[in-house]
Amino acid sequence: MMGLNATPKTGLVTERPAWKALEEHYQKIRNVHLRSLFADDAHRGERMAVEGADVYLDYSKNRITDATIRLLVNLAEECGLRQHIEAMFQGQKINTTENRAVLHIALRAPKSEQIPVNGVDAVSEVHGVLDRMAAFSDQVRDGHWLGYSGKRIRNVINIGIGGSDLGPVMAYEALKHYSKREMSFRFVSNVDGTDFEEATRDLNPEETLIIVSSKTFTTVETMTNAHTARAWLLKSLHRQEAVGKHFVAVSTNAEEVAKFGIDTANMFGFWDWVGGRYSMDSAIGLSTMIAIGPDNFRAMLAGFRSMDEHYRTSPLDKNLPVLMGLLSIWYNNFFGAQTVAVLPYAQYLKRFPAYLQQLAMESNGKHVTLAGAPVNYQTGPIYWGEPGTNGQHSFYQLIHQGTKLTPCDFIGFCRTLNPLGPHHDLLMANLFAQTEALAFGRTEDEVRAEGTPDWLVPHRVFEGNRPTNTILVERLTPESLGKLVALYEHNVFTQGAIWQIDSFDQWGVELGKVLAKRIIPELESVEEPLLQHDSSTNSLIRRYRRFKGEPSWK
């Protein structure tokens with residue numbers, strides 16, 4: 001793999017001829033306005049659009065020319081992007097710091113495909129777990145899986161954190177239209193006791209199934225919540241045997257699962273070649289499958305797969321994830337933009353930006369290359385956003401008239417799942433209007449022509465020239481959700497491959513965990529502990545201990 005990453009001189013992407021050509025090109029185009037680009041090309045809007053896996057991407061409202069795309073594709077080719085893609089699909093150990101393959105693409109591969117990992121076919125193992133998940137989900141959905149007291153399961157609580165929470169909760173919210181509505185689904189992730197208390201306060205433990213998702217079954221936050229859930233259950237059912245009828249595990253640690261009281265026959269496994277933020281279509285998605293049913297879950301997997309194939313086989317200049325990844329690099333590294341706003345015009349996708357935060361920022365928030373050399377360029381833009389039209393009455397002001405350049409991804413659906421009068425037309429009119437306003441703005445002359453007083457003119461001018469992508473899909477279905485998630489997975493991978501970083505490790509989450517384990521006994525100790533942190537941390541711990549010891553009513 002290191003051969004794929006070899007670069008001239010320093011080994012950094014900034015030394016590549018294509019990067020230097022882009023720097024020169026940026027100087028020529030940096031002040032060109034989208035008004036001019038559209039005025040000079042009557043067919044730009046149709047020409048700078050591409051469709052793949054039934055997902056339509058209009059990238060014409062970006063500050064680019066045909067030359068920009070050619071140079072960005074040249075950069076991708078010089079960085080061996082195509083080879084990186086193939087290495088991932090073939091199961092090579094491209095997660096070099098952990099010596100692991102990266103095979104979330106195997107989670108949605110058809111049974112007929114084979115991907116060997118350490119002498120074992122990953123695809124057959126995946127389908128074995130999927131079949132077990134489907135059988136269990138059907139039992140719960142059909143009422144054949146009963147709780148300890150013989151009552152039907154009506155509530156499901158997913159306990160996890162990070163990818164074990166963000167994926168399932170996003171998918172549940174996104175696909176709620178397809179869910180079994182007589183069942184309630186809750187998600188607990190925060191170690192703050194409020195999260196568990198509010199999730200369970202109106203539930204009957206006798207009718208509740210709890211899914212504990214932790215690869216090692218030792219994750220502190222998850223297991224703290226799991227033990228609290230067990231105590232909550234046993235307070236009602238009183239017998240330890242009840243745990244086995246109300247808890248299942250998504251894990252690989254059979255010993256810890258059994259110790260907790262869960263029958264390992266009800267343990268659903270996954271593999272070290274699946275990173276947490278790439279795992280929503282693995283057994284981590286068990287709550288999703290129970291909610292929407294095995295057939296819809298498999299349709300979601302088919303959507304993932306179709307985007308995988310598009311990414312693997314399409315020319316780079318017609319490849320949706322590649323184009324989006326290259327445009328992110330264009331703004332991040334040449335224009336100095338530090339964020340990407342993801343703006344889904346679909347209430348069902350309200351958790352999609354939060355899901356992408358982990359996917360993008362945990363993957364590409366890296367400061368050294370695969371070879372361990374410090375980078376001399378920005379990696380990992382900040383992803384954020386809210387659904388439209390809510391965001392229009394919140395932060396769009398900054399995007400339109402602020403001093404920061406914020407590239408935006410707008411996501412819309414041509415057909416609504418809930419046709420209510422003019423609602424969907426109004427929603428989509430706003431989406432189209434926002435991208436138009438961001439691109440073209442409003443000039444001083446246009447503002448004056450509306451009769452605006454001179455003193456007010458500067459306040460009503462919109463500079464425009466704010467870049468956007470528009471992603472259109474026919475309808476939000478399990479299949480189209482899979483396509484959208486895979487689109488962003490491969491977008492993130494494209495960025496990481498060009499930056500020469502490892503998009504699949506996450507060492508940055510470790511240090512805080514280590515220090516927290518040291519601090520916990522200092523907070524819980526009855527005796528005043530000997531604190532040996534810095535003066536700020538010592539002072540904060542002492543203040544917390546002082547207030548913690550006082551009555552809550554004071």
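Rings of Phe, Tyr and Trp, the last by its six-membered ring, count as a pair if their centres lie within 6.5 Å; planes under 30 degrees apart are called stacked, over 60 edge-to-face, and the rest tilted. On that basis, ring pairs join W19, Y26, W330, Y331, F334, F335 and Y377 into a cluster.

Some housekeeping. This is a predicted model, where local features need pLDDT of at least 70 and side-chain atom pairs count only at pLDDT 80 or more, while totals for chains, interfaces and linings use all residues. Residues are numbered from 1 along each chain as its sequence is written, and side-chain values use heavy atoms, with hydrogens and water left out.

Back to the rings. The structure holds 23 aromatic pairs. Take Y172 and F185: their ring centres are 5.3 Å apart and their planes stand at 40 degrees, so this pair is tilted. Y172 belongs to helix α8, residues 163–174, and F185 to strand β6, residues 184–188, so the pair links distant parts of the chain, 13 residues apart (helices, H or I with at least four residues, and strands, E with at least two, are DSSP runs numbered from the N terminus). Both Y172 and F185 are buried, meaning under 20% relative accessible area with a 1.4 Å probe and protein chains only; over 50% would be exposed, and in between partly exposed.

Next, Y278 and F504. The ring centres of Y278 and F504 are 5.4 Å apart with planes at 50 degrees, so this pair is tilted. Y278 sits in the loop between β9 (267–268) and α13 (286–292), F504 in the loop between α21 (478–499) and α22 (510–524), 226 residues apart. Y278 is buried at 1% relative accessibility, and F504 is buried at 8%.

Now charges over rings, which require NZ of Lys or CZ of Arg within 6 Å of the ring centre and within 35 degrees of the ring normal. The charged end of R44 is over the ring of F38, 5.3 Å from its centre. K245 lies over the face of W145, 4.4 Å from the ring centre.

Last, a pocket: on a 1 Å grid over the protein atoms alone, an open set of points where a 1.4 Å probe fits, with protein on both sides within 12 Å along at least five of seven lines; lining residues have an atom within 4 Å of a point. Eighteen residues line the second largest pocket, and A346, Q347, T416, H424 and L427 lie nearest its centre. Which element supplies the largest share of that lining? α18 does, with 4 residues. β12 (408–415) and α18 (423–440) each give at least two lining residues.
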